[in-house]
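Good morning, and thank you for joining.

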Amino acid sequence: MSKNNTPSQEKFKSKIGGQALIEGIMMLGPNTGAMACRLPDGSIDVETWEERNGKNAPWYKKCPLVRGCVSFVVSLVKGYKYLMKSMDKQITEEEKEENGSALYTVSTVIGAVLGIVIALGLFIFLPKFVVGKIAILTKSRIIRSLAEGILKIAIFVAYMALTALMKDMRRQYEYHGAEHKTIACHEAELPLTVENVRKQTRFHKRCGTSFIFIVLIISILVMCLVPFDVTWQRIVASLILLPFIVGISYECIRLAGNNDNLFTRILSAPGLAMQRITTREPDDSMIEVAIAALTPCIPEDKEEDKW
């Protein structure tokens, strides 16, 4: 549902997906990827590149379970690459010279490594360590796995809610909303104008936020089957099983994206609810950026664009 509770006008499900950047948006289509950013001077800068998500897709994108895991890693790497490029576009040449380009590069690499370490600590180590210290929760493997999962979800929700209070992150969430609304306009087969996009829903079942929630839910179910009771053994098991969990989660979000029934609505509900935090209503200037990013990604052959 959109801000004014207008239902989705979706006529087909597009393969095109995107990611909010710093003052910009990245879109990935079947054959073309594009990044559009609002520059400090007010203009929109657009970069395009070749993608292989259509007929020329690599073998792993057609292999269940494997495609989810590999695509997740590729998306993380590509997302970080263009996030850094969008940040770079907001920095003037004078500022780069003052701070030193080498120092800037090193700091971004350190930031990426720290981000991975913090994520692993928050979502894998911390929940298992905390629950492992509470005796009443460790008597049953199922109860322990549920407690770990609930704590992970609570940390995730709290983290996203806190970041939404930051001015820069709020703008990124607004660009996230612009991305969703523009894709919804494309799937409704309406002309990509600011007026048409503004009317669309900012919630999307195939969003990365929904995917993360499904990963958390699947991890609870999988860890219920892990026979280890020692905390460090459960941490190692989580790391080893992570590719498998991601692979299953990807197939689940494909299922939810392709079908509309009671099961898929239940599966999608937590992620859609979370998007009330991770997406915000964009202004018209953000919608213009989203349209600029999406337009080059639309293939000439519509069949290539169908999810």
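Lys 85 and Glu 47 join their side chains in a salt bridge, at 2.7 Å from N to O; by salt bridge I mean a side-chain nitrogen of Lys or Arg within 4 Å of a carboxyl oxygen of Asp or Glu. Lys 85 belongs to helix H1 (residues 66-89) and Glu 47 to strand E4 (residues 44-50), so this pair ties together parts that are 38 residues apart in sequence. Helices here are DSSP runs of H or I with at least four residues, and strands are runs of E with at least two, numbered from the N terminus.

Before I continue, the basis of the analysis: this is a predicted model, in which local features need pLDDT of at least 70 and side-chain atom pairs count only at pLDDT 80 or more, while totals for chains, interfaces and linings use all residues. Residues are numbered from 1 along each chain as its sequence is written, and side-chain values use heavy atoms, with hydrogens and water left out.

Lys 85 is partly exposed at a relative accessible area of 29%, and Glu 47 is partly exposed at 22%. The classes are buried for under 20% relative accessible area, exposed for over 50%, and partly exposed in between, with a 1.4 Å probe and protein chains only. Lys 85 and Glu 47 also belong to a network of salt bridges with Asp 45 and Lys 89. The structure holds 18 salt bridges.

Another of these pairs is Arg 171 with Glu 23, whose closest N and O atoms are 2.6 Å apart. Arg 171 sits in helix H5 (residues 167-187), and Glu 23 in the loop between strand E1 (17-21) and strand E2 (24-28), so the pair ties together parts that are 148 residues apart in sequence. Is Glu 23 buried or exposed? Glu 23 is buried, with a relative accessible area of 18%, whereas Arg 171 is partly exposed at 28%. Glu 23 also has a positive phi of about 55 degrees, although it is not a glycine.

Glu 148 lies in helix H4 and Lys 128 in helix H3 (residues 101-132), so to speak distant parts of the chain, 20 residues apart. Both residues, Glu 148 and Lys 128, are buried.

Glu 189 likewise has a positive phi, of about 60 degrees, without being a glycine. Glu 189 is placed in the loop between H5 and helix H6 (194-198) and is partly exposed, at 38% relative accessible area. Glu 189 and Lys 11 are 178 residues apart in sequence, yet 6.8 Å apart in space from C-alpha to C-alpha. Beyond its neighbours within four places in sequence, Glu 189 is in contact (heavy atoms within 4.5 Å) with Lys 11, Phe 12 and Lys 302.

Finally, the helix pair. The axes of H4 (residues 141-163) and H7 (residues 208-223) come within 8 Å and cross at roughly 165 degrees. That makes H4 roughly antiparallel to H7, a term for angles over 145 degrees. Axes are lines fitted to C-alpha atoms over the stretch in contact, and angles run from 0 to 180 degrees between N-to-C directions. Residues of H4 including Leu 146, Ile 150 and Phe 156 meet residues of H7, among them Phe 213 and Leu 216.

Technical notes: Parallel < 35°, antiparallel > 145°, perpendicular 65-115°, else oblique.
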